[in-house]
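Work through the exercises below with the model open. Each task is followed by a worked solution.

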Amino acid sequence: MLLSLLLQASPSASTLGTANPVSIGMFFLFVAVTLYITYWAAKKTKTGSEFYAAGRNISGFQNGLALAGDYMSAASFLGIAGMVATKGYDGLIYSIGFLVGWPLIMFLIAEPLRNLGKYTFADVVAFRLRQRPIRIVSSVGSLMTIAFYLIAQMVGAGGLIKTLFGLDYEIAVLVVGCVMTLYVLFGGMIATTWVQIIKAVLLLSGATVLVLLSLAKFDFRPSFLLEAVSTQYGQEMLAPGGYITNPFDALSLGLALMLGTAGLPHILMRFYTVPDAKAARKSVFVATGFIGYFYLLTFLIGFSAMALVGKPAIESIDKGGNMAALLLAEQTGGTAFLGFIAAVAFATILAVVAGLTLSGASSISHDLYVHVFKNGVSNEKGEMKVAKRATVALGILSIILGLVFKGQNVAFMVGLAFSIAASANFPALLMSIIWKRFTTKGAVWSIATGAALSLILIVLSPTIMVDIMGYEEAIFPLKNPALVSMSGAFLMGIVVSLLQPEESAALKFESEKLRTYLGVGAE
Amino acid sequence: MNQHTQKPHEILESPDFKQLVKKRWSVSLILTFTMLVVYFGFLLVVAFNKQVLATRIGEYTTLAIPIGLGIILFAWILTGIYVFWANNHYDTAVENLKKKIK
């Protein structure tokens with residue numbers, strides 16, 4: 001059906017910003033299908049394990065797709081394609097950073113995480129340490145990561161939908177907030193997982209068709225595409241340019257992208273949806289493959305947009321190039337295909353915010369309510385009630401934040417979320433898994449240091465001081481603080497743990513090994 | 001806690017188990033280290049000697065393109081190597097040890 005639509009489409013001046021019947025139709029179809037899935041999932045979502053972890057019934061392959069769905073945000077689809085379309089090769093350096101965290105998740109944390117935890121990554125950190133302090137700080141780390149990521153997504157969603165559909169920003173934010181709340185509230189992890197899977201399939205197939213349509217203009221020979229880019233915009237587009245000049249900046253951003261991935265709460269939570277460590281392992285392999293393929297596509301989409309649509313045309317609509325993929329879709333497949341890709345981008349945002357909200361709600365109900373306020377004893381009914389209230393509260397909060405930050409430059413918030421994830425969440429998680437002498441105090445200090453340094457240093461960095469506040473120079477020289485904040489978190493964790501040993505934690509480490517490595521007693 | 005409370009300690013102390021844990025981390029750390037060297041090596045070349053990457057290997061294609069896409073492919077292959085190792089060696093050893101517990 002789609003193909004016949006494509007064939008009759010004829011390229012013309014951009015229809016971006018006007019209501020496109022195909023995109024609206026596709027979007028409603030997506031929402032209708034996913035809400036039906038939510039209705040179906042709601043009947044299966046009664047217990048905590050079903051709400052938080054889809055009853056641990058998701059297969060490794062399905063979870064791999066869902067992980068890819070959680071990770072491939074509209075920012076990386078439109079943003080990276082746009083970066084390649086306007087800056088050339090430099091966009092790929094970004095994608096590589098986003099991808100190389102996945103192997104590390106596999107080698108260092110996936111299996112122990114699955115074997116030791118129940119619903120949240122704080123389960124693992126708190127496994128042999130004192131529950132209350134760990135749960136408090138790790139939920140602060142989680143919620144901060146989620147909040148900044150969520151704001152960036154909501155503001156991006158409002159702006160994107162305004163450009164795509166000509167819909168008011170406020171209405172767009174309201175629709176996204178309400179639909180994703182419905183998914184999480186009624187369908188929990190089962191619905192959220194299927195939304196991710198559908199979105200991942202749509203995004204990967206939509207981007208594949210876009211690449212094929214574009215390459216068709218170059219006789220399916222990528223070298224012709226590169227030739228077009230080089231002759232129009234110069235050979236320097238095909239090699240690293242001015243994006244990375246300071247090696248410390250490169251290192252710091254590289255660390256944030258790489259290890260931040262291994263500390264994102266909504267990604268870590270996915271590992272509890274599979275039955276065992278073997279399936280967890282498989283899901284990382286599948287996710288890495290799909291995400292890598294997706295970045296290959298965005299690279300080709302970026303260059304195709306540069307050659308076919310042209311840099312000036314792309315930059316005239318959006319300075320950052322965010323509309324490159326959409327303009328390319330319109331040029332190669334007409335208004336109907338533009339509508340399809342626009343709907344896919346919208347679906348992408350919905351799915352990512354749903355994943356974030358679910359992990360935020362779990363952190364509030366499972367970590368804070370049960371382990372802090374109820375001392376670890378709670379009936380399932382009470383916990384579910386809190387989880388559902390937290391979902392509604394987070395839904396409302398994300399709408400409010402989306403409205404408050406309207407028109408603000410929030411691009412730095414994704415970098416900040418990755419920095420907090422890499423500095424507050426990842427070091428404590430890794431040390432709790434591999435280091436016998438890690439203590440409660442060490443963990444608390446490590447998480448607090450990582451989060452505080454990330455926040456303070458980003459405010460003092462060129463990202464905020466120069467780009468947003470307009471100062472000539474920043475107090476802290478690096479654009480992303482991860483190099484300092486993550487080293488600080490590791491250092492604090494190690495020093496504090498060595499200064500004040502915790503006998504019981506070290507003793508439990510030995511018995512924990514049976515569960516970490518053999519999966520004995522894993523839930 | 002359960003019926004295994006007596007034996008687990010013996011398993012933990014057994015050479016087989018210790019060997020398994022050691023093997024697991026050497027595989028993991030070698031793969032982690034490889035990934036770190038490749039990725040940060042690439043970033044350092046970008047930061048210090050980007051002209052090398054601008055070298056043409058085709059009429060227009062630069063060295064940077066196969067290297068960049070190659071790193072993505074390489075990262076995926078590394079995860080594949082781990083899965084292959086774990087499925088063939090680790091899981092078998094885990095099964096053997098678990099049988100001993102019962």
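Contact here means heavy atoms within 4.5 Å. The model is predicted.

**Exercise 1.** Find which residues Leu326(A) touches, leaving out residues up to four places away in sequence.

*Solution.* Step one: apply the 4.5 Å cut-off to heavy atoms. The largest nonpolar core has 215 residues, and Leu326(A) and Leu518(A) touch the most other members. Helix α16 (residues 324-373) of chain A gives the most to this core, 24 residues.

**Exercise 2.** Describe the extent of the interface between chain B and chain A.

*Solution.* Start with residues: 50 of chain B are in contact with 49 of chain A. Then take the area. About 4,500 Å² is buried between the two chains, and carbon and sulfur atoms give 77% of it.

**Exercise 3.** List the polar links across this interface, then say which helices supply the chain B side.

*Solution.* Count the salt bridges: there are 3 between chain B and chain A. One of them joins the side chains of Asp91(B) and Lys278(A), at 3.1 Å from N to O. Now the helices. In chain B, α1 (8-13), α2 (15-48), α3 (50-54) and α4 (64-101) each supply at least two residues of the side that touches chain A. The largest share, 21 residues, comes from α4(B). Finally, sort that side by residue class: 36 nonpolar, 9 polar and 5 charged.

How values were computed
Residues are numbered from 1 along each chain as its sequence is written. Chains are lettered from A and ligands numbered from 1 in the order in which they are written. This is a predicted model: local features need pLDDT of at least 70, side-chain atom pairs count only at pLDDT 80 or more; totals for chains, interfaces and linings use all residues. Side-chain values use heavy atoms; hydrogens and water are left out. Buried area is the accessible area (1.4 Å probe) that two parts lose on being put together, summed over both. A salt bridge is a side-chain nitrogen of Lys or Arg within 4 Å of a carboxyl oxygen of Asp or Glu. A polar contact is a pair of N or O atoms within 3.5 Å; within protein, one must be able to donate a hydrogen and the other to accept it, and residues adjacent in sequence count only if both atoms are side-chain atoms. Helices (H or I, at least four residues) and strands (E, at least two) are DSSP runs, numbered from the N terminus. Ala, Val, Leu, Ile, Met, Phe, Trp, Tyr, Cys and Pro count as nonpolar, Asp, Glu, Lys and Arg as charged, and the others, Gly among them, as polar. A nonpolar core is a set of buried Ala, Val, Leu, Ile, Met, Phe, Trp, Tyr and Cys residues joined through side-chain atoms within 4.5 Å. Buried means under 20% relative accessible area, exposed over 50%, partly exposed in between (1.4 Å probe, protein chains only).
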